[in-house]
Every structure is written in C-alpha cells, then in structure tokens.
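Welcome! Take a look first, then follow the topics one by one.

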Amino acid sequence: MALPLGRLSAGPCWRVARGGCGELRAWSRRRTAGCICRAPGTAGAEPSRGLGHRAAAGGGPRLGTGLAAALAGLAGLAAAAFGHVERAEMVPKGSGVRSPSPGRPEEEDELARRCSCFMASPVTDLRELRRRPGDMKTKMELLIMETQAQVCQALAQVDGGARFSVDRWERKEGGGGISCVLQDGRVFEKAGVSVSVVHGNLSEEAAKQMRNRGKNLKTKDGKLPFSAMGVSSVIHPKNPHAPTVHFNFRYFEVEEADGNKHWWFGGGTDLTPTYLNREDAVHFHRTLKEACDRHGPDLYPKFKKWCDDYFFIPHRGERRGIGGIFFDDLDSPSKEEVFHFVQSCAQAVVPSYIPLVKKHCDDSFTPQEKLWQQLRRGRYVEFNLLYDRGTKFGLFTPGSRIESILMSLPLTARWEYMHSPSENSKEAEILEVLRHPRDWVH
C-alpha cells in the first residue's frame with residue numbers, strides 16, 4: 001500500500017552530480033553503505049530470533065490489517081489532508097544540518113554527517129533527534145530518510161538526465177514530510193519517493209474502528225495521541241519491458257490515557273511487470289527472501305503469501321503484479337528485532353529492483369507492446385482506487401489534497417472494451433501468472 005505522494009513541479013531539484021555527500025550523485029553499493037544513517041550508538045541490522053507477527057482475525061486483540069493500512073494512509077496523507085506545502089532547501093543550503101565543530105560530541109558530528117546524505121534535512125529537528133538517540137521514532141525516521149536518498153540516487157543514475165523535485169511540507173497538527181518526484185525522465189515516466197513523519201490525535205472514527213477490532217484503548221477527553229512515519233514509493237518506467245515497483249515501510253505508536261503505548265510496523269515491496277521475465281522474477285524474489293531469511297526462515301513464505309493475497313483485484317480475478325512481500329501489525333518479539341527486519345527489507349529495495357531497470361530500459365519494443373503496458377496500467381489504477389485501503393482512506397478524508405493522494409498513479413493508462421490477448425501470446429503468459437501466483441525461489 002502506498003503512502004500518497006504530492007504532485008510537485010517547481011522548486012529545488014536534485015540531479016546526478018559529482019561532489020560531496022550532500023549532492024545527489026551516482027549510486028553504488030559501496031558509496032551508499034557509507035551513508036547509512038543510524039541513530040548514534042545503535043548497531044546495524046542483526047539476525048533476529050523468532051521474529052513474528054500476530055495479525056488480528058475477527059475481533060482479536062491485535063490491530064487488524066485493515067485499520068493498520070488505513071493508518072498507513074494517514075501517515076502519507078498529512079500533506080494532502082491537513083498541511084500546506086513549502087519548498088525544501090537542499091541539504092547543503094540552510095537545512096539546519098550543521099558542520100562538525102570542535103568540542104561537539106562525536107555522535108552529534110556523526111549524525112550531522114550522515115544526515116547530509118539525505119535529500120533534505122530530517123522532518124524532526126536535529127536537536128530533538130539528538131535528545132532521544134535510542135528512541136524508535138528517531139531510528140525509524142533516520143532509516144526512512146536514508147531509504148529515500150538511496151532510492152532517489154539510484155533512480156537518478158539510471159535515468160541519466162533525471163531531475164527530482166524536492167518539497168518539504170508541514171502539517172499544522174504536527175509533523176510533516178518530504179516528497180521527491182521525477183516526471184517525464186529519459187527512463188522513468190513517473191517516480192515518487194515520499195517520507196512522512198506526523199503526530200497528533202487520532203480521529204474519533206479511527207478510535208472507533210480500533211475498538212471494533214477488539215483493541216479497547218483508553219482515550220482521554222476523546223483523544224488518542226499517535227505518531228506515524230513511513231517511506232513510500234511507486235516507480236513507473238517508460239519501457240514496457242521494465243517493471244513497475246512499489247514499496248512502503250512504516251511505524252506507528254499509539255498512547256493510551258494511562259500512558260501505555262502500543263506500537264507496530266508494516267510494509268513491503270512488490271513488482272508489477274508488463275511482460276513476464278522469469279529471470280527478473282527470480283532475482284526480485286530471491287533478493288527479498290535473502291533479506292527475510294536473515295531474521296527467520298518462515299518470514300519470506302508467510303509475507304510472500306500475504307502479498308499475493310493483498311494485491312488482488314477481485315473483479316478481474318488476478319493480482320496486480322507478481323508479488324513480493326507484504327506485512328502489517330508486526331509487534332513482536334521486540335521493537336529492536338522488528339526494526340532490524342524492516343531495515344533489512346528497506347535496504348533490499350535498490351538491489352532487488354535497479355538491476356531490472358538497467359537491464360531493460362533500452363530494450364526495443366513495438367507499439368503493440370506499449371499498448372499492452374497501458375492496459376496493464378489500467379489494472380494498476382483499478383486496484384489503487386477500488387481496493388487499496390490507504391488510497392480509499394485518503395479519498396474519503398475531508399479536505400484531502402487529491403493530487404497528493406493520487407501521486408502513485410501513472411501518467412498514462414488505457415482501458416479497452418472487451419480486450420483479450422491472443423492464446424499462447426506473451427500477454428496471455430503474464431495473465432496466467434497473475435491469476436495463479438508462482439513460487440519463484442525454489
């Protein structure tokens with residue numbers, strides 16, 4: 001499920017360049033590794049023991065996937081529903097990320113250095129981040145900012161002449177976000193990578209849904225404080241042989257009147273090709289499986305099935321794509337273990353997807369293949385508008401900024417009456433896979 005992104009045009013842009021860490025430049029695994037941003041004093045991802053999830057069924061005690069997805073929409077909707085948009089300065093220019101100076105604690109200098117690799121300064125003021133280095137909200141914000149920068153750098157390198165518009169927005173109720181958008185590039189028709197970090201009080205309707213799911217949280221004067229943050233992206237290449245990809249990783253906290261806090265993580269990534277390429281599918285799924293296997297052998301099959309089930313278009317009887325992983329309401333065995341799992345998944349986005357775009361971005365294609373891409377994009381639109389819980393939540397939120405909610409949609413799509421591909425064609429081949437998901441890693 002995508003957190004909606006804002007539609008941006010003017011304003012600061014990033015492009016491939018040579019220079020310091022604050023400039024957007026060609027991505028490489030080695031260089032990106034040097035810019036991984038973690039809270040001072042924290043370690044990198046480590047193998048987890050017994051990572052699991054407890055998704056609610058019926059009226060169980062855990063927050064159900066539907067509400068968690070709706071709250072994921074809230075995180076991305078802050079700009080759309082409540083905020084105003086202001087232009088972000090690029091990190092090296094007035095971002096509030098100060099250069100190291102004599103006498104400052106080493107961890108503060110390290111935090112500033114790492115944050116200089118971001119597309120913009122973090123949503124939360126650095127002074128606040130330094131005050132709570134071990135807090136999960138700090139760790140997650142730095143992770144999603146890091147992920148945004150790594151993905152944008154990788155996309156810009158592949159596109160060549162790409163320009164990213166970078167906008168910072170604020171939410172009057174609390175928090176804000178940073179949206180990076182590329183449109184009409186050489187390789188990518190539309191690519192958006194958005195970060196949201198918001199807080200405030202849940203609406204009465206949201207609190208009611210939680211009670212209906214069996215989560216009887218104690219409100220104070222009808223208010224239920226929450227924090228939500230996440231990174232989300234949808235990338236639509238021009239070439240019909242290069243697949244579309246979506247990813248999203250998010251974290252939520254809700255605080256009851258008595259101070260008791262509930263937390264959970266959600267996210268995933270999935271691939272939507274126009275034509276089936278078995279090598280691509282195997283590479284994508286194996287990369288995700290490797291990330292999951294670091295934390296438990298049962299995670300990839302569990303979250304792969306969840307992905308196949310979630311991205312389903314009932315009225316078509318087919319999936320939106322060839323899947324990946326999807327998870328929600330992860331709240332055990334510990335914050336640290338689930339965070340490290342999410343970190344591994346986020347770091348798998350670039351190596352799972354960018355090689356596929358590089359492989360196919362210059363492939364030749366026919367007008368008929370481009371037409372099929374447009375028709376498949378129509379299916380993408382149908383799922384997002386009819387079934388994606390985050391999108392629906394946004395569209396029915398009073399005062400929403402529709403352009404932001406619908407940023408995940410492609411620039412172009414097509415619907416033809418009673419279109420049906422020829423038997424035994426390449427078009428029929430991908431439809432068979434979408435109707436009957438496959439195991440790509442065994």
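**Helix H9**

In H9, the buried residues are Glu-337, Val-338, Phe-339, His-340, Phe-341, Val-342, Gln-343, Ser-344, Cys-345 and Ala-346. That is ten of the 13 residues, so this helix is mostly covered. Keep in mind as you read that the model is predicted.

- Helix H9 covers residues 335-347, and at 1.5 Å a residue its 13 residues should span 18 Å.
- The end C-alpha atoms of H9 are 18 Å apart, which agrees with that expectation.

**The whole chain**

- The protein chain has 14 helices and eleven strands.
- Of its 442 residues, 59% are buried.
- Take the contacts between residues at least 6 apart in sequence: 76% of them join residues at least 24 apart.

**H5 beside H9**

- How do H5 and H9 lie relative to each other, roughly parallel or oblique? Their axes come within 11 Å and cross at roughly 5°, and that makes H5 roughly parallel to H9.
- On the H5 side, the residues that meet H9 are Met-136, Lys-139, Met-140, Leu-143, Glu-146 and Thr-147.
- On the H9 side, their partners are Lys-335, Glu-336, Phe-339, Val-342, Gln-343, Ala-346 and Gln-347.
- Sorted by class, this contact of H5 with H9 has six nonpolar, three polar and four charged residues.

**H7 against H8**

- The axes of helix H7 (residues 278-293) and helix H8 (residues 299-310) come within 8 Å and cross at roughly 130°. That makes H7 oblique to H8.
- From H7, the contact is made by His-285, Leu-288, Lys-289, Cys-292 and Asp-293; from H8, Leu-299, Tyr-300 and Lys-304 take part.
- The residues of this contact of H7 with H8 divide into four nonpolar, one polar and three charged.
- H8 has twelve residues and reaches 16 Å from its first C-alpha to its last, close to the 16 Å expected at 1.5 Å a residue.
- The buried residues of H8 are Leu-299, Tyr-300, Phe-303, Lys-304, Trp-306, Cys-307, Asp-308 and Tyr-310.

**The nonpolar cores**

- Which residues touch the most other members of the largest nonpolar core? Among its 87 residues, they are Met-140, Phe-188, Phe-249, Phe-265, Phe-327 and Phe-341.
- Helix H5 (residues 136-159) gives this core its largest share, 13 residues.
- Another core, of ten residues, lies apart from it, and Trp-169, Val-198, Leu-202 and Leu-224 are among its members.
- Setting aside neighbours within four places in sequence, Phe-265 is in contact with Met-136, Met-140, Arg-250, Tyr-251, Phe-327, Asp-328, Asp-329, Leu-330, Lys-335, Val-338, Phe-339 and Val-342.

- Where is Phe-249 found? Look in strand E7, residues 244-255.
- Phe-249 has 1% relative accessibility, so this residue counts as buried.
- Phe-249 and Gly-266 are 17 residues apart along the chain, and their C-alpha atoms are separated by 5.9 Å.
- Met-407 has its place in the loop between helix H13 (402-405) and helix H14 (426-435).
- Is Met-407 buried or exposed? Met-407 is buried, with a relative accessible area of 3%.
- Met-407 and Ala-191 are 216 residues apart in sequence, and 9.0 Å apart in space from C-alpha to C-alpha.

How values were computed: Residues numbered from 1 in each chain as written. Predicted model: local features only at pLDDT ≥ 70, side-chain atom pairs only at ≥ 80, totals over all residues. Heavy atoms only, no water. Axes fitted to C-alpha atoms, helices over the stretch in contact; angles between N-to-C directions. Helix = DSSP H or I, 4+ residues; strand = E, 2+ residues; numbered from the N terminus. Parallel < 35°, antiparallel > 145°, perpendicular 65-115°, else oblique. Contact = heavy atoms within 4.5 Å. Nonpolar A, V, L, I, M, F, W, Y, C, P; charged D, E, K, R; others polar. Buried < 20%, exposed > 50% of the residue type's maximum accessible area, 1.4 Å probe, protein only. Core = buried A, V, L, I, M, F, W, Y, C linked by side-chain atoms within 4.5 Å. Expected span 1.5 Å × (residues − 1).
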